[in-house]
Amino acid sequence: MGTSAQPTPHDPVPEIDFEEVQATAEFQHLRRKHRSFVFPVAIAFLLWYFLYVLLADYAHDFMSTKVFGSINVGLLLGLGQFVTTFAITTWYVSYANRKLDPDASAIRRRLEEPSLSQEGA
Amino acid sequence: MGAYMSLPAAVPAALATQMKDTTWINILIFSAFVAITLVVVFRASRNNKTAADYYAAGRSFSGGQNGTAIAGDYLSAASFLGITGAIAVNGYDGFLYSIGFLVAWLVALLLVAELLRNTGKFTMADVLSFRLKQRPVRIAAATTTLMVCFFYLLAQMAGAGGLVSLLLGLDSKDTLGQAVVITVVGGLMILYVLIGGMKGTTWVQIIKAALLIVGAAAMTIIVLAMHGFNLSTLLDAAVAKAGDGGAALLNPGKQYGATGTSKLDFISLALALVLGTAALPHVLMRFYTVPTAKEARKSVVWAIWLIGVFYLFTLVLGYGAGALIGAKEILAAPGGVNAAAPLLAFVIGGPVLLGFISAVAFATILAVVAGLTITAAASFAHDIYANVIAKDKSNPQMEVKVARRTVVVIGVVAIGGGILANGQNVAFLVALAFAVAASANLPTILYSLFWKRFTTQGALWSMYGGLAVAIILIAFSPVVSGSPKAMIPGASFAWFPLANPGLVSIPVAFFLGWLGTMLDKSTEDPAKQAEMEVRSLTGVGAEKATNH
């Protein structure tokens with residue numbers, strides 16, 4: 001079955017030299033775009049979350065400051081965690097749809113249907 | 001969550017007595033839930049043919065369905081009843097606690113979900129052993145999976161007795177009645193998972209999540225309407241009801257701020273929550289039930305919105321219970337803090353809303369234990385049996401047969417463990433499950449996805465080291481001995497001051513993964529690393545959905 005031109009669903013990648021693919025500029029570009037987004041954003045939200053935790057843990061007076069009505073700084077910062085979580089989620093999805101998915105599927109299509117890449121090359 | 005088990009000696013408050021008169025409504029609504037879900041599970045099971053059907057629901061769920069199921073799997077009774085009660089009694093600190101459970105999902109979204117979907121088949125161990133030495137890494141990953149599932153399952157089952165007794169109006173000292181309840185919960189769980197596999201489990205979780213979120217939304221709207229849709233007015237009402245010192249409800253520190261140790265303890269808990277969620281095996285396994293990485297991403301997005309909105313509801317419900325019932329009456333009711341949400345439902349919506357919310361709470365326990373059981377069974381059958389014990393002799397049919405037998409064994413052990421642990425203070429087990437996931441699983445998941453040099457020795461040191469440190473520290477912590485609220489209150493062998501080991505065990509596990517790799521003389525196959533990296537980012541060769 002390895003020689004059939006049409007790959008079966010259970011054996012879609014018979015003989016791919018992954019090291020070669022990994023070394024291509026196209027893949028390296030995708031890898032860089034992925035990491036340059038997810039690493040900084042992950043570090044940023046973790047720092048922001050632990051800043052909030054430390055304030056709630058050790059800065060009781062600051063967090064208890066009333067802003068309007070009975071709503072205090074602590075409640076607003078807590079709700080701020082919800083806002084940033086929703087915002088980062090939306091931001092990542094839009095980034096992945098625009099910048100990551102097209103490149104990823106181009107590479108995937110080329111690897112799973114080698115005939116296309118030969119026509120392209 | 002803290003008083004999950006500590007049912008106070010029966011001092012039924014007035015409200016609790018009134019609630020008892022209408023428990024037949026609770027039982028009726030709950031029976032309807034069981035009947036409907038059983039029909040759905042039977043129908044869903046008709047297409048269960050292959051291993052991919054049984055473990056991964058044929059990878060046929062959409063991102064929206066799976067995201068809803070994730071919310072159903074993740075929002076346990078501790079989340080709904082525990083957090084509502086914690087806010088009602090301890091105010092701001094209950095809200096603070098809930099936030100960790102939400103923010104944690106960004107780790108899953110950004111770093112784990114899609115890459116895992118692209119490189120694995122059924123279990124977490126598939127990913128961890130992808131480019132390392134199969135046998136040792138698979139055994140280690142299956143060990144940590146089974147440990148996390150066991151801790152979580154035991155906490156749920158032990159809690160189920162007291163919780164359901166509260167909802168059915170059983171006496172809190174009626175241990176025989178509670179044992180019957182635990183057996184019924186375990187029996188239903190075995191039935192769902194045995195028949196329905198992942199597909200049935202997923203539908204139970206979807207139905208439960210929908211009921212939970214609709215129920216919580218309805219209560220939130222009623223509570224807000226009673227306070228002029230003004231959060232500040234609601235907060236004032238909670239403060240007024242609490243009487244002297246009520247203003248403390250709005251400020252941090254009531255629960256975690258007592259001493260330097262309790263403050264440090266919360267940091268440890270926050271670390272375990274935020275890093276543990278994306279490494280919980282039953283959460284990870286859900287990502288295999290969708291056809292592509294893109295649907296896995298959509299699942300997390302749905303889960304984040306549903307879970308986030310739900311915790312916003314609990315903020316209103318918690319202060320609502322504080323305002324309309326008050327901490328004193330909540331703590332005096334059977335079930336303690338867990339009684340806040342049912343009491344609130346009774347006060348604002350009468351016996352019918354109470355029945356609905358009670359049935360939802362019961363459904364919550366069922367959906368969570370079913371998800372844990374199928375994860376543990378899949379890990380044993382796929383990782384231990386098929387890849388270690390039987391090796392080449394195994395075939396998918398046999399593997400599923402082993403998984404089904406494992407479900408029965410786990411169910412029986414969970415019922416027995418739940419009955420034995422009933423009445424003991426084992427609430428710490430949930431936090432321990434998160435700490436073990438964050439220590440034993442997350443470092444290896446991240447290193448094997450993102451660090452080229454990572455080796456088998458690093459993985460083994462990190463997984464076994466993280467697991468051992470977490471369990472040893474908890475064994476010598478105040479939750480097991482040396483305090484009146486401990487599991488073994490009579491003994492005193494605690495020397496570790498914190499109730500959650502995460503602050504120490506997580507950094508240690510990351511360090512051991514690095515050290516084990518640096519000291520490893522052998523290196524891993526670079527071709528395998530290349531394959532994993534290319535597949536994780538592009539989805540080449542990822543498992544496809546099965547067609548029926």
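Visitor: In chain A, what share of the contacts with a separation of 6 or more comes from residues 24 or more positions apart?

Guide: The share is 57%. Bear in mind that this is a predicted model.

Visitor: Which pattern does chain A follow along the sequence?

Guide: Chain A reads α-α-α-β-β-α-α. That gives 5 helices and 2 strands. Of its 121 residues, 41% are buried.

Visitor: Where is A:Ser70, and is this residue buried or exposed?

Guide: A:Ser70 sits in the loop between β1 (66–68) and β2 (71–72) of chain A. The cut-off for buried is under 20% relative accessible area. A:Ser70 has 9%, so it is buried.

Visitor: What does A:Ser70 touch, leaving aside residues up to four places away in sequence?

Guide: A:Ser70 touches B:Ser232, B:Leu235, B:Asp236 and B:Leu250.

Visitor: How do I read a pair of packed helices?

Guide: Two values describe such a pair: the angle between the axes and the distance between them. Take helix α4 (residues 73–112) of chain A and helix α7 (residues 105–119) of chain B. Their packing angle is about 30°, and their axes lie 9 Å apart. Angles under 35 degrees count as roughly parallel. α4(A) and α7(B) are therefore roughly parallel to each other.

Visitor: Which residues meet in the contact of α4(A) with α7(B)?

Guide: From α4(A) come A:Thr85, A:Ile88, A:Thr89 and A:Tyr92. From α7(B) come B:Leu106, B:Leu109, B:Leu110 and B:Glu114. By class, this contact holds 5 nonpolar, 2 polar and 1 charged residues. As for spacing, an α-helix has 3.6 residues a turn, so residues three or four places apart point the same way.

Visitor: What span should helix α9 of chain B have?

Guide: Helix α9 (residues 134–168) of chain B has 35 residues. At 1.5 Å a residue, the helix should span 51 Å. Its end C-alpha atoms are 48 Å apart, which agrees.

Visitor: Where does α9(B) bend?

Guide: The bend is at B:Ala160, by about 35°.

Visitor: How many residues of α9(B) are buried?

Guide: The count is 26 of the 35, so α9(B) is largely enclosed by the rest of the structure.

Visitor: What comes just after α9(B)?

Guide: B:Gly169 comes there, with a positive phi of about 75°. B:Lys173 lies in the loop between α9 and α10 (175–226) of chain B. The cut-off for exposed is over 50% relative accessible area. B:Lys173 is at 61%, so this residue counts as exposed. The C-alpha atoms of B:Lys173 and B:Gly162 are separated by 9.1 Å, with the two residues 11 apart along the chain.

Conventions:
Residues numbered from 1 in each chain as written. Chains lettered and ligands numbered in written order. Predicted model: local features only at pLDDT ≥ 70, side-chain atom pairs only at ≥ 80, totals over all residues. Heavy atoms only, no water. Axes fitted to C-alpha atoms, helices over the stretch in contact; angles between N-to-C directions. Helix = DSSP H or I, 4+ residues; strand = E, 2+ residues; numbered from the N terminus. Parallel < 35°, antiparallel > 145°, perpendicular 65-115°, else oblique. Contact = heavy atoms within 4.5 Å. Nonpolar A, V, L, I, M, F, W, Y, C, P; charged D, E, K, R; others polar. Expected span 1.5 Å × (residues − 1). Bend = angle between axes of the 7 residues up to and from the residue. Buried < 20%, exposed > 50% of the residue type's maximum accessible area, 1.4 Å probe, protein only.
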